[in-house]
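Welcome! Please take a moment to look over the sequence and the 3D view before reading on.

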Amino acid sequence: MPILTTERLVLREMTDDDLDNIATLLGDEDVMAYYPRPKTREEAQRWIRWNTRLYNEHGFGLWVMTLRDGTFVGECGLTIQVVDGVEEVEIGYHVLPAHQRRGYAIEAAAACRDVACERFVVDRLIAVINPENEPSRAVAERIGLRPEKHAQMYGEDRLIYASNVSDAPS
């Protein structure tokens, strides 16, 4: 059941049936280039369980992103991150290399930004980004987030992009 649709995309909750696609996505060296390492299939299963918990606890999480014809593209959605001791709502996205540079991450992230404000009454969004990850930084900027600060997360330096959702461009 779709959570939201855009001109080209459908976003829906992950299920165990998505394990092959999520394992492929999170196991891809290019997708995970700015993470410590790609995830294993077992870690991808835990990723799905984590998102299922987020859906149950908050009503949101990372959602499977497909083209309208059902072709798997990646994931995009909202998660909870703790930055400098404060819980924040993060917008996150991962796109398979074969579908990158087509604007899907921007399209999905903008829709998630809007649904965060309209459906989940989120006032502020962040993106936690490796400072060297220029493509991810560009997506954050295109949806109205701006660099706010650096933070140590999971033992790594991360750039925190942020915006009050009501201030972000539609």
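This is a predicted model: local features need pLDDT of at least 70, side-chain atom pairs count only at pLDDT 80 or more; totals for chains, interfaces and linings use all residues.

## A closer look at Asn133

You can find Asn133 in the loop between strand 6 and helix 4. Is Asn133 buried or exposed? Asn133 is buried, because its relative accessible area is 13%, under the 20% cut-off. The side chain of Asn133 also reaches the backbone nitrogen of Ser136, at 3.1 Å.

Side chains of opposite charge can pair when their charged atoms come close. How many salt bridges does a search of the whole structure find? The search finds ten. One of them joins the side chains of Arg8 and Glu107, at 2.6 Å from N to O. This pair links distant parts of the chain, 99 residues apart: Arg8 sits in the loop between strand 1 (2-5) and strand 2 (9-13), and Glu107 sits in helix 3. Arg8 is partly exposed, with a relative accessible area of 29%, whereas Glu107 counts as buried at 17% relative accessibility.

Another salt bridge brings together the side chains of Asp84 and Lys149, at 2.8 Å from N to O. Asp84 lies in the loop between strand 4 and strand 5 and Lys149 lies in strand 7 (residues 146-153), so this pair ties together parts that are 65 residues apart in sequence. Asp84 is exposed, with a relative accessible area of 53%, while Lys149 is partly exposed at 29%.

## A network of charges

Arg124 forms a salt bridge with Glu148, and their closest N and O atoms are 2.8 Å apart. Once again distant parts of the chain are linked: Arg124 is in strand 6 and Glu148 is in strand 7, 24 residues apart. Arg124 counts as partly exposed at 24% relative accessibility, and Glu148 counts as partly exposed at 41%.

## Aromatic pairs

A pair of aromatic rings is described by the distance of the centres and the angle of the planes. The structure holds three aromatic pairs. In one of them, the rings of Trp47 and Trp50 have centres 5.0 Å apart and planes at 55 degrees, so this pair is tilted. Trp47 and Trp50 are separated by about one helical turn, because they are three residues apart in helix 2. Trp47 is buried, with a relative accessible area of 15%, but Trp50 counts as partly exposed at 23%.

Next come the rings of Phe60 and Phe120, whose centres are 5.2 Å apart and whose planes meet at 75 degrees, so the pair is edge-to-face. Phe60 is in the loop between helix 2 and strand 3 (62-67) and Phe120 is in the loop between helix 3 and strand 6, a link between distant parts of the chain that are 60 residues apart. Phe60 is buried, with a relative accessible area of 5%, and Phe120 is buried as well, at 19%. Ring pairs link Phe60 and Phe120 with Trp63 into a cluster.

Key. Residues are numbered from 1 along each chain as its sequence is written. Side-chain values use heavy atoms; hydrogens and water are left out. A salt bridge is a side-chain nitrogen of Lys or Arg within 4 Å of a carboxyl oxygen of Asp or Glu. Helices (H or I, at least four residues) and strands (E, at least two) are DSSP runs, numbered from the N terminus. Buried means under 20% relative accessible area, exposed over 50%, partly exposed in between (1.4 Å probe, protein chains only). A polar contact is a pair of N or O atoms within 3.5 Å; within protein, one must be able to donate a hydrogen and the other to accept it, and residues adjacent in sequence count only if both atoms are side-chain atoms. Rings of Phe, Tyr and Trp (its six-membered ring) pair if their centres lie within 6.5 Å; planes under 30 degrees apart count as stacked, over 60 as edge-to-face and the rest as tilted.
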